[in-house]
Amino acid sequence: MSSRLMQMWKDKMLYIMLVPAFAYFIIFHIWPIFGMKLAFYEYRIIGDNVFVGMKYFTALFNTPVFTNVLMNTLIVSAMKIVIIFPLPVIFALLLNEFRNGRFRKSIQVISYLPHFLSWVVIAGIWFEFMSPSTGIVNGIIQLFGFPAHDFLTDKSAIRWILVLSEAWRSIGWDSIIFLAAIIGISPSLYEAAYVDGANRWHIVTKIVIPHLYIPMVTIFILNIGFLMNAGLDQILNFTNDAVNSKIDIIDTYVYRIGLLNFEYSFATAASLFKSVIGVILVLSTHFISKKLTSKGAW
Amino acid sequence: MIGNKITLSKLFIGVILSLLTLTMFVPIVNMFARAFSSPDRVHLLQGYEILPRGFSLIHFQVVLQNPIVSQALFNSLFITIVGTVSSIFLTTVTAYVLTRKNLVGKTPIMVFLIIIMIFEPGIIQEYMVMKDIALLDNLWAMVVYRLVNVYYLIIMMRFIEEIPESLIEAAKIDGAGHMKLFMRIVLPLARVPLMTIGMFYAVVKWNEFFKSSIFLSSKDNTVLQVMLRQFIVERDTSTLVGAAELLKNSGVAQLDFSALKAATIVIAIVPILMLYPIILKHYTGGVMEGGVKE
């Protein structure tokens, strides 16, 4: 024991160097966790908060809005996970047909770019090209003789807009990991296959795609861990009164009820509910991923 | 590789990929074209065009002359620069300490970090903390918010572990303390991961909009993304209309609102484009290598 203390004393400079980062962690990560207890207390501006137990959770589940919000979160998130998931894989496979040429490079450079734009900027760009009067999308629709349509205020279209814009933003960037996996395939496998008379199609289906199974499974499982995050920034920028009931998620709800209506305890209960489900999901996906691929999230 | 000749299927794939990429390229470049077009002809510009109609910098002049926009731009730059530098520094210092051999208490510290990684604090609690430490409506709130990312910290630790121990030992024998070791040896050697992670911090700081909108309430502390949202999502033209008035007095024809919006979007994209070569060179390379190693 004393030798450990000696070692610590010898390394005192190291511990001093840890102080700033740990001060940050404690203030901005640990302190808020304790703040979550507000979900069990009634918030008072003056005087002590009163312990009310599960009152706010019961209220939460008896509020029809919350049920709707929870469903929206799950639906929007699940749509994104299921629909977007295969796209980067397909993108990587298509791109792989081109070997290191200028064409491949330029496609890559452009396709990564949207990933680095903020949702505000993306919304600005999308509003412009979905615009009923001047947008490209409606221009094409009218070319085929259909009337122009404002998709952004259409209740039945808005979730698809969220999925599409998310895909637009992430296909290129998310394909990197699959391209890397493809590059990692040993060339001798291809050569052996060619000797056996395989064509390009055989190569892709029998060699390349099987090599992508493990990264695919890993990424799919990890995505499920973030099921409760349906995309706050995106939704805040794509929402409007006409469609809000379809895409109002737990995060936007917590923001509205908590910070705009000052119902701190109620909102904290909603956000604690979200966090608990989120932690359970992340932990279980981590363990599943570790079981299946011997690789977890960290 | 055998498949180098142009076949029909390859041509087909090429067309699909080009069309897909054009949906990303054209709308972004169209914003630039709109912003640089001359005010009297910008209304002729179609959504699929990538070259400006005429050429003028007037939209940028108007947008930047507006004191609210220039203040927002300044605030965004301040937060991004100061925030990124502090983030990089703290991440690297912490990574250095955590990669030291015989560090007593390393295991509990790592467990602590993983708990932090899993448990996202809620918005209300973060707001309350900012309030308690009196940083609400202060630019420093956005500097310290998400100051150290545990995921990047772990990446940084992997890089520092690669630095040959003998180098550090040699400096130790010459009598260098940990702080000196860190500044003189680790920092210079970790230049590549530093740039990679730094640019990632920078992108996040520059693009952060929701937290800026709740932590920074007064007009003086607005950042560019929040300002942009006002124009784009809330269609609040008051700020820009003020600018248009200003312009009428100087005798220029009436301005197109969408062009002013485009100019603001361009201002918000340009810093990312300036970082883009570094992003491409280091980060995508890193992801590639990481993927292969796995």
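1. UniProt positions are given here in the numbering of this structure, with feature names shortened, and such annotations may be inferred rather than shown by experiment. For chain A, the unreviewed UniProt entry lists residues 12-34, 74-95, 107-127, 176-195, 207-228 and 264-288 under "transmembrane region".

2. The model is predicted: local features need pLDDT of at least 70, side-chain atom pairs count only at pLDDT 80 or more, and totals for chains, interfaces and linings use all residues. Residues are numbered from 1 along each chain as its sequence is written, chains are lettered from A and ligands numbered from 1 in the order in which they are written, and side-chain values use heavy atoms, with hydrogens and water left out.

3. Chain A has 15 helices and two strands (DSSP runs numbered from the N terminus: helices H or I of at least four residues, strands E of at least two). The radius of gyration of chain A, 25 Å, is well over the 19 Å given by the globule rule for 298 residues, so the chain is more spread out than a compact globule (taken over C-alpha atoms; the rule is 2.2 Å times the number of residues to the power 0.38). The C-alpha trace of chain A spans about 80 × 75 × 35 Å along its principal axes.

4. Residues 74-95 of chain A are 95% helix and 0% strand, with end C-alpha atoms 32 Å apart. For residues 207-228 of chain A the values are 86% helix, 0% strand and 35 Å.

5. The structure holds three cavities of 30 Å³ or more. A cavity is a set of points, on a 1 Å grid over the protein atoms alone, where a 1.4 Å probe fits but cannot get out; lining residues have an atom within 4 Å of a point. Grid points are joined across faces, edges and corners, and a volume is the space filled by probe spheres set on the points.

6. α2 (12-35) of chain A and α5 (123-132) of chain B each supply at least two lining residues, and α2(A) gives the most, with four.

7. About 50 Å³ lies in the second largest cavity. Among the residues lining the second largest cavity are Ser76(B), Lys205(B), Trp206(B) and Glu208(B). α3(B) gives the most to this lining, with three residues.

Methods: 1 Å grid on protein atoms, 1.4 Å probe; cavity = no way out; pocket = protein on both sides within 12 Å on 5 of 7 lines; lining within 4 Å.
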